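Dear colleague,

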Amino acid sequence: MKGKKVKMPEQDPKKRVNNFKEVTLGYTEEEAIKEANRCLQCKNPLCMQGCPVEVDIPDFIALVAEGEFEKAAQKIKEKNNLPAVCGRVCPQEEQCERKCIVGIKNEAVAIGRLERFVADYARGKEEIEVIGNQDKGKVAIIGAGPAGLTAAADLAKMGYEVTIFEAFHEAGGVLTYGIPEFRLPKDIVKDEIEKIEKLGVEIKYNHVVGKIKGLEELFEEEYKAVFIGTGAGLPRFLGIEGENLNGVYSANEFLTRVNLMKAYRFPEYKTPVHTGEKVAVVGAGNVAMDAARTALRLGAKESIIVYRRGEDEMPARVEEIDHAKEEGIRFELLNNPTEILGDKEGFVKGIKCIRMELGEADDSGRRRPVPIEGSEWIMEVDTVIMAIGQRPNPILLKDAQDIETTKWGTIDACDESGETSKEGVFAGGDTVTGAATVIEAMGAGKRAARAIDDYIKNLRK
Ligand code: FAD
Ligand code: SF4
């Protein structure tokens, strides 16, 4: 009983590569109760130390074990404003589950799967309670990703009048335009955002702060504090020859066209995306797995991950790598592209790669990939998707030179409070850390909300 996690049902890999429906299907009530009973209810629950938003994990699991699913949902919601999202995409194996005591000798308790079960169970059943009269003053949030949404929800619960300014026509940030439907259904994201709006949070769409209005104007409009949660949406490229050829995408563009513009529902949506027959995705993080699996679902005959390090160094979640393998994604590890080759019409026809071997560990602690001389070879492909990382878009900061940034272009903000070098301006999420995770962005939003509350209280004194 205590040995292995209760398995979560999944769509058959052969079937799911032909559709965009969710891959994992969630626990039944019986499965959830069985899994919850694996929890030891530790007196010193180490799992909680691994949760950046401080969810009371043993208490919610105890409620699941008793069949009190709605109460379990309320318990999670005290701390986590996006539980159905986190239950699906958080790297639990690196966070709460990594610390779980059961995990020392057996498989850790499936905290993420239980969180997802509880959040899904409670959908449509909860009553949203607004705490306070929102009379504590106005706070502006820039960006409606997990960091901004979390800060907004927490501040609204504390009684602030919160407005989010969002560049896109939809909220959610990467949850909406990056992570595909088959991993995170968009009606789930919408539902969690609607609940945050019901707390009294207003979202102003199509507002690119830095273009439509600047930070100073927000203070002139009597916002007492501003939280920047604008993410890291600017893609990186390798800087090799051929990256301007037709058929080369950044993963960001490719996934945005599919998820936000609904290219996968063409012709119902009139925004198709061209996916070739043989697609190479460069990189091995979650973004790369998402792009490779999306290409397969859009009809590519072969979808290949090209990565310069080995299997152990791949940064994607283990579950995503396993799912990609089951779906038939080809892995060309220890290979680095040195040039993208084109035909006479300027379309991609291949990638020149060089084989690599692993040397000593570098600053990141991972073994450094070293090229093997004379090992170049050509991989014939007609589409290349670059998924080698993102950095913050500098638009917002163009007219805000008094906000200090790091050499990587991220905002220099205090880890604990999100305070920046400009008074009244706080920041958190990927725009501070560089591309990271949903739960880290949410944790930063939560800590910043507390710091903003303290800051505004001090203004009143
Ligand atoms: P974002 O989610 O990027 O949100 C920023 C928001 O700010 C966006 O809505 C943007 O439109 C808006 N914005 C930007 N500039 C402006 C402006 N000037 N004015 C107004 N609005 C602006 N993490 C995981 O934990 N698990 C996963 O499985 C996972 N998979 C991923 C898959 C993909 C394809 C990608 C791209 C990322 C993935 N991540 C995953 C990482 C995770 O999604 C991010 O770390 C997280 O979304 C960061 O949250 P954020 O709020 O800081 O930024
Ligand atoms: Fe339960 Fe594991 Fe947390 Fe202990 S550490 S309370 S077993 S989930």
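The notes below take up a ligand site, then a helix, and then a pair of strands.

Please keep in mind throughout that this is a predicted model.

I begin with ligand 2, which sits in the second largest cavity. The residues that surround ligand 2 are Cys 39, Leu 40, Cys 42, Pro 45, Cys 47, Pro 58, Cys 100, Ile 101, Val 102 and Ile 111. Sorted by class, this shell holds 10 nonpolar residues, with no polar and no charged ones among them.

The next element is helix 13, which runs over residues 286–297 and so has 12 residues by the usual DSSP assignment. From its first C-alpha to its last, helix 13 reaches 16 Å, which is close to the 16 Å expected at 1.5 Å a residue. Because 10 of its 12 residues are buried, helix 13 is largely enclosed by the rest of the structure. Its buried residues include Asp 290, Arg 293 and Arg 297, and Ala 288, Met 289 and Leu 296 are also on that list. Just after helix 13, Gly 299 takes a positive phi of about 115 degrees.

Finally, there are the two strands, where strand 1 covers residues 138–142 and pairs with strand 2 in the parallel sense over five bridges. Within this pairing, Ile 141 stands opposite Ile 164 in strand 2. Strand 2 itself, which spans residues 161–165, is mostly covered, with four of its five residues buried.

With best wishes

How values were computed
Residues are numbered from 1 along each chain as its sequence is written. Chains are lettered from A and ligands numbered from 1 in the order in which they are written. This is a predicted model: local features need pLDDT of at least 70, side-chain atom pairs count only at pLDDT 80 or more; totals for chains, interfaces and linings use all residues. Side-chain values use heavy atoms; hydrogens and water are left out. A residue is near a molecule or strand if one of its heavy atoms lies within 4 Å of it. On a 1 Å grid over the protein atoms alone, a cavity is a set of points where a 1.4 Å probe fits but cannot get out, and a pocket is an open set with protein on both sides within 12 Å along at least five of seven lines; lining residues have an atom within 4 Å of a point. A molecule sits in a cavity or pocket if more than half of its atoms lie within 2 Å of its grid points. Ala, Val, Leu, Ile, Met, Phe, Trp, Tyr, Cys and Pro count as nonpolar, Asp, Glu, Lys and Arg as charged, and the others, Gly among them, as polar. The expected span of a helix is 1.5 Å times one less than its number of residues. Buried means under 20% relative accessible area, exposed over 50%, partly exposed in between (1.4 Å probe, protein chains only). Two strands pair if DSSP finds at least two bridges between them.
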